[in-house]
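I opened the model to look up a few local features. These are my notes, in the order I took them.

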Amino acid sequence: MTPEQEARIIIDEKLNQSGWIIQNVSQLNLSASAGVAIREFPTSTGPVDYALFVDGNPVGVIEAKKSSVGENITTVEEQSARYANSTFKWINHEYEIRFAYEATDKLIRFTDYKDIKYRSRKVFSFHRPEYLRSLLAAPDTIRNNMKNFPELDTTRFRDCQINAIKNMDKSFSENRPRALVQMATGAGKTFTAITEAYRLLKYAKMNRILFLVDTKSLGEQAEREFLAYTPNDDTRSFSQLYGVRRLKSSYIPNDVQICISTIQRMYSILKEEDMDESAEEESFNEYVTADTKAPKEVVYNEKYPPEFFDCIIIDECHRSIYNVWQQVLTYFDAFLVGLTATPDKRTFAFFDENVVSEYRREQAIIDGVNVGEDFFLIETEVSQKGGHILKRLIEYRDRLSREKRWEQMDEDVDYDKNKLDKDVVNPSQIRTIVKTYKDALFTTLFPRRKEVPKTLIFAKTDSHADDIINIVREEFGEGNEFCKKITYSVENAEGVLSSFRNDYYPRIAVTVDMIATGTDVKPIECLIFMRDVRSKNYFEQMVGRGTRTIGVDDLQKVTPSATENKDHFVIVDAVGVTKSKKSETRSLERKPTVSMRELMMNVALGDKSEDTLTSLANRVSRLDKQMTEKEHREFTENVGASARNIANNLLNAFDEDVINDRAKTIASSGIPSDDDIANAQKELIKEATQPFFNSDVRDFIENIRRSHDQIIDTVTLDSVIFAGFDSQKEENADKVIQTFKEFIEDNKNEIIALRIIYNEAYKDRPMVIEQLKALYEKLKKKNITIERLWDCYYIKYTDKVKRGTTAQITDLISIIRFEIGATDELTTFSDKVNANFKEWTFKKNAGHTQFTEEQMEWLRLIKDHIISSLSILDEDLDYTPFDHKGGLLGFYEAFGDNYKNILNELNAALVA
């Protein structure tokens, strides 16, 4: 059998899978099925390998080639076109050959000649006859429709969203198969994607779009946004115009246009496996098939063929385009749009470097779409240097059950910061960090607050999170509702997350990775890192949890003492995470929370994938560093090789140099063939995985891993080395003040007018307040509040600025006066009025006038009114709070004919 004949066997199988009946010319019967593929059909330029007939009419051709032609398959396109333009024998009615396929046993490319500037593309398999029928019936092709998007109505859109949508339209019009939308967290990626989905359904006439996420919670979030969306050109909501369904089973309805699914569920649907909804609660990085078998390749699914979706929008795409999950994306004959705030080099490469939106967080902060951060460092002795425990009776704790026991140590123990909260738990270190945060909370970090701002703590493990929670509750003197854990292991984690987002309690949440990325909790104002992070991308995603904006009304619903819009957040770095070196990609670990036992079982059941073996190598290598000398000896005796050698063998199975060296030893000639290289790798994989087929070896390795209990160090007390703002705090303050200076310059005419009115005519000061409010609204659009501005001046001019008082609208005048040099010190307007009031009443009482207690009550109320309104007028006395004391008449009764002079004096003296 020739290579081409072998390829045709596979091609025939793929045609049958796709609903085509295959016939020879001699057996021709076009009524046998809606789709018939005729082998070697004669044309005016020779027989075509396969002629495709739909409903009895010739519509397409297939050129079949042997596997080795795959690297030059595009050269076959000319041959396909020649047959498509030839005359088909025996057919006397009008027809058009619109579709062409070039195929080997491993590769299929497809062209629709009706597309303007038609271009071939790779497809998973042949399209079904009914799909080609629908293409023939459509007025035009999707790709042609996308060349005629109407102008976008930009009402309600941010500039970054307008830019992304217009560039996506352009990318689609140019038939670019993949596009990447990079938009900062909180900039409205999902809103942008929904708008584009609407345009694709309405104007491009797409049939079905898949919105892919990697966790159930993100799917629910996306579903809410789709249901709430109303387009600018229609009064109906998205869900009234198009069907929207979040997939919760293996069934995908045909009558919906938007399917929202986790990538795990779509993977299981294509493999025709059932999947429990609870498995979607964890990020797909943790997902393993239920029976712990090696993951299967995605194969053709008749229910949901490759043409089922026209476009796939991939949320948080930097996490979902790799390894086994990529099969979900490449299975469908669909455009791919990736959404992410933090792409890395692999992300750019996967999307063919077609970046249609590049809106970084730095720009988002400048635009007021995000808020910036201040860094507060807490450095302790144990966090930096670890500790030393002398040989003694010590407390041990089982990592999982948390059962404690006392046991005599065999030797002294030294531990560094990397072993903290994994092998050694030092409660004093956790307590020192929590106490330092508590002490700084209302004095340095949030001096105007009465309750703890919504705070998210990142822990290393579930065990570490539990330790943190218990100590936080103790140090703050609060109950269970005050601080809670939000991790995948928590029952009803979504309910706790919802409370953290929308309710007063919990004030502090502790997580490992469940809400480290993607999840939207706008009221968070403080992030505490009690774990280091080596991945640059992951760190940026974690920081993104604090960067979202929220208005004062919504913020006060969960944090009542907030007086302004959220204008910044604080990162408390307790482990040096802001200083540690970050890498673009992650380590050898490809399956970070799949257990070691699970990995070993996968290998025993035949999993030979690079991801699994590399991850297992990483675990064995980690164990190698943890074992004692005695355990090293026992490991070699029981397993047959040292842990280091086992790990090296697993890695070598995918090392090209090692594979080539082995291939040379089995090659019949000096240069190894492709078969020699393949056989060499098979040998290396077999040798590397051999120990894990033995159940006794697997049990021994698992017992060694579990035997490493945590030591509870109650002896080494921790102490603070440094607690304070990072140097970047001053740089951030400089940026805010510089922006404010530019704001003053841009609005100098309004400010000059305000100063004239303020200085000359107190009767016109109510107008000042209104203009001041309008000016402040402009300032807030730059994401600068009075509180934030005041704090920045305090950082730069500590000895000249009074700190800790509640700022209000009238303080904007004080700040402007200080900035332009009209005053040497920055004190709040209320402090100034209070001081002037004290001096004025003292002078009055020292002279002929002696105010009664009733009169002093009136004067204090007027003083408070001037603090908030700059002045007091006669008519103001008929409103709250003066009306409760009789209004203007009551004031006249208290002060007699002198009441006018009293008001005039207060207006002049208190604001002098």
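This is a predicted model: local features need pLDDT of at least 70, side-chain atom pairs count only at pLDDT 80 or more; totals for chains, interfaces and linings use all residues.

**Backbone: proline bonds and phi**

P881 sits in the loop between helix 32 and helix 33 (887-895).

P506 is in the loop between helix 16 (493-502) and strand 23 (508-511). The peptide bond from Y505 to P506 is also listed as cis, and its omega is near 0 degrees. I noted both bonds because most peptide bonds are trans.

Next I looked up phi. W90 has a phi near 75 degrees, which is positive in a residue other than glycine. I placed W90 in the loop between helix 2 (77-84) and strand 5 (99-103). Its relative accessible area is 54%, so W90 is exposed.

E353 went into my notes for its phi too, near 55 degrees and positive in a residue other than glycine. I found E353 in the loop between helix 11 (345-350) and strand 14 (355-359). Is E353 buried or exposed? I read a relative accessible area of 66%, and the cut-off for exposed is over 50%. E353 is therefore exposed.

**Helix 32 against helix 34**

I logged the crossing as right-handed.

Which residues make the contact? On helix 32 they are L859, I862 and I866. On helix 34 they are I902, L903, L906 and N907. Sorted by class, the contact of helix 32 with helix 34 has six nonpolar residues, one polar and no charged.

**Helix 31 against helix 34**

I stayed on helix 34 and turned to helix 31, residues 829-846. These two pack at an angle of about 135 degrees, with their axes 10 Å apart. Why do I call them oblique? Roughly antiparallel needs an angle over 145 degrees and roughly perpendicular covers 65 to 115, so the pair counts as oblique. Helix 31 passes helix 34 in a right-handed crossing.

I listed the residues that meet here. Helix 31 brings N836, F837, W840 and K844. Helix 34 brings I902, E905, L906 and A909. By class, I have five nonpolar, one polar and two charged residues for the contact of helix 31 with helix 34. I see I902 and L906 in this contact, and I see I902 and L906 in the contact with helix 32.

**Salt bridges**

I found 39 salt bridges in the structure. I followed up on some of them.

D333 and R121 meet through their side chains in a salt bridge, at 2.8 Å from N to O. This pair links distant parts of the chain, 212 residues apart. I placed D333 in the loop between helix 10 (326-331) and strand 13 (335-340), and R121 in strand 7 (residues 121-122).

The side chains of R597 and D699 form another salt bridge, at 3.8 Å from N to O. R597 lies in helix 19 (residues 596-604) and D699 in helix 25 (residues 695-706), so the pair ties together parts that are 102 residues apart in sequence. I noted R597 as partly exposed, with a relative accessible area of 39%. D699 counts as partly exposed too, at 32%.

I also checked E853 and R860, whose side chains meet in a salt bridge at 3.4 Å, N to O. R860 counts as partly exposed, at 36% relative accessibility. Elsewhere, salt bridges with shared partners join E4, R8, E40 and D49 into one network.

**One more distance**

My last entry is A228, in helix 7 (residues 216-228). A228 counts as exposed, at 61% relative accessibility. I looked up its separation from F238: 10 residues in sequence, and 7.4 Å from C-alpha to C-alpha in space.

Key. Residues are numbered from 1 along each chain as its sequence is written. Side-chain values use heavy atoms; hydrogens and water are left out. A crossing is left-handed if the near helix is turned anticlockwise from the far one by less than a right angle, and right-handed if clockwise. Helices (H or I, at least four residues) and strands (E, at least two) are DSSP runs, numbered from the N terminus. Contact means heavy atoms within 4.5 Å. Ala, Val, Leu, Ile, Met, Phe, Trp, Tyr, Cys and Pro count as nonpolar, Asp, Glu, Lys and Arg as charged, and the others, Gly among them, as polar. Axes are lines fitted to C-alpha atoms, for helices over the stretch in contact, and angles run from 0 to 180 degrees between N-to-C directions. Angles under 35 degrees count as roughly parallel, over 145 as roughly antiparallel, 65 to 115 as roughly perpendicular and the rest as oblique. A salt bridge is a side-chain nitrogen of Lys or Arg within 4 Å of a carboxyl oxygen of Asp or Glu. Buried means under 20% relative accessible area, exposed over 50%, partly exposed in between (1.4 Å probe, protein chains only).
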